[in-house]
Amino acid sequence: MRVFITGGTGHSGSYIVPELIAAGHEVTGLARSDASAAALSALGAKVRRGELHDLDGLKEAAADADGVIHVAHRQDLLPSGGMAAVADAEVPIMLAYGEALEGTGKPLVAAGSIGSSGYLGRPATEEDPALPVGDEHRGTLRARNVVETTVIGLADRGVRSSIVRIANIAHSPTDQAGFLVQLTAIAKEKGVVGYPGDGTNLWNAVHARDVASLFRLALEKGPAGSYWHAVGDGGIEFREIAEAIASRLGVPAVSIPLDELMVPGYFGFLANIVTQSYPASNLITRRALGWEPAQPSLLASLDNGHYFLTEGTPRV
Ligand SMILES: NC(=O)c1ccc[n+]([C@@H]2O[C@H](COP(=O)([O-])OP(=O)(O)OC[C@H]3O[C@@H](n4cnc5c(N)ncnc54)[C@H](OP(=O)(O)O)[C@@H]3O)[C@@H](O)[C@H]2O)c1
């Protein structure tokens, strides 16, 4: 398949590109700079120069391809407008793909997020719809779900569209800015690793290489209108994650009382998400696509030490 991918230089994308090429696909990646173009070439992809805000360019690239994978996101909008601004920029992109692919049956696979199922009282499944877009669900997930709903809606217009919901923590030896990197940076600064309350709230996680194999399977054979869960670990207690980081850094793991989380303290801008519980299932994804996460778990990833290399040490 001739595949057009955005975000091919990012954390997930840099695993997806080689995964596709190894499976025999011809990959063209969007690059907005010389550095990104060089990174894509090094991964074995063809390069299409362009920017996410050039919707005509994206339409042309999608129309020229047999399938599209979209994992780029306008993270530059985060500081000023938060996830709402990122999602606002994302929806027109999805609609542009829709125009290019309408009636073709070609696949469009885009990134989504696992919602907090705290309100469900059970692990989130692939059958759970995107969270309602009401005031009761503010913030990151609400904004992302507008995008998910838009992509899934394209299935009614003859696009084989699907969403791969990426676990809350994506980890790998090349992770540069993910949740574990942020937690570790806070811990180094504060000299302790905090966990919220008793730390029994559950987080889900996945290795970025397993994310890549799921995107490939969704592209190759996922039915239109599907949600998939890129989840390796379905529920790890926050406290366990904190203790694993603490043991590596040689500092204590400590409870941060919940009332202290109301003000930006230990966790800073992460305070509003660290208390959430995100147990998630991957059963439907595994059964329907034959996907099996094969890479190290989150705790194994932490144990192998690459998150604790000193600056300047090459990551392999
Ligand atoms: N746990 C998780 O990581 C997680 C969970 C749920 C959902 N997601 C979603 O999964 C997707 C992939 O995440 P990620 O961590 O792999 O992303 P990432 O590492 O932050 O990479 C972002 C990518 O987007 C590209 N990009 C940004 N702005 C662009 C622009 N204006 N024009 C063209 N390209 C642009 C970047 O290209 P450059 O190389 O040129 O900067 C880079 O390839 C995102 O939508 C993210 O929100 C991630």
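The model is predicted: local features need pLDDT of at least 70, side-chain atom pairs count only at pLDDT 80 or more, and totals for chains, interfaces and linings use all residues. Residues are numbered from 1 along each chain as its sequence is written. The chain has 11 helices and 12 strands. These are DSSP runs numbered from the N terminus: helices are H or I with at least four residues, strands are E with at least two.

**Overall fold**

- The radius of gyration is 19 Å, close to the 20 Å from the globule rule for 316 residues, so the chain is as compact as a globular protein of that length. The radius is taken over C-alpha atoms, and the rule is 2.2 Å times the number of residues to the power 0.38.
- The C-alpha trace spans about 55 × 45 × 40 Å along its principal axes.
- Of the 316 residues, 46% are buried. Buried means that 20 or more other C-beta atoms, placed from the backbone, lie within 10 Å of the residue's own.
- Among contacts with a separation of 6 or more, 77% join residues 24 or more positions apart. A contact needs C-beta atoms, placed from the backbone, within 7 Å.

**Ligand shell**

- Around the ligand lie 26 residues, of which Thr9, Gly10, Ser12, Ala72 and Ala111 come nearest. A residue is near if its C-beta atom, placed from the backbone, lies within 6 Å of the molecule.
- Strands β5 (107-113) and β7 (169-171) are the elements that give two or more residues to this shell.
- By class, the shell holds 9 nonpolar, 14 polar and 3 charged residues. Ala, Val, Leu, Ile, Met, Phe, Trp, Tyr, Cys and Pro count as nonpolar, Asp, Glu, Lys and Arg as charged, and the others, Gly among them, as polar.

**The β7-β9-β11 sheet**

- Three strands form an open, mixed sheet in the order β7-β9-β11. Pairing requires at least two DSSP bridges between two strands.
- Strands β7 and β11 (233-237) are the edges, each pairing on one side only.
- The twist averages 40° from one strand to the next.
- β7 and β9 (residues 202-207) run parallel, joined by 3 bridges. Alanine 170 stands opposite valine 206 in β9.
- Helix α7 (residues 208-221) packs on the sheet, touching β7 and β9, and its direction makes about 75° with that of β9. Axes are lines fitted to C-alpha atoms, for helices over the stretch in contact; angles run from 0 to 180 degrees between N-to-C directions.

**Helix α1**

- In α1 (residues 13-22), the buried residues include Gly13, Ser14, Tyr15, Ile16, Val17 and Leu20.
- Their cover includes β1 (2-6), β2 (26-31), α2 (34-43), β4 (67-70) and α7.
- Just after α1, glycine 24 takes a positive phi of about 95°.

Terms used:
Two residues are in contact if their C-beta atoms, placed from the backbone, lie within 7 Å. A residue is buried if 20 or more other C-beta atoms lie within 10 Å of its own, exposed if 12 or fewer, and partly exposed in between; C-beta atoms are placed from the backbone.
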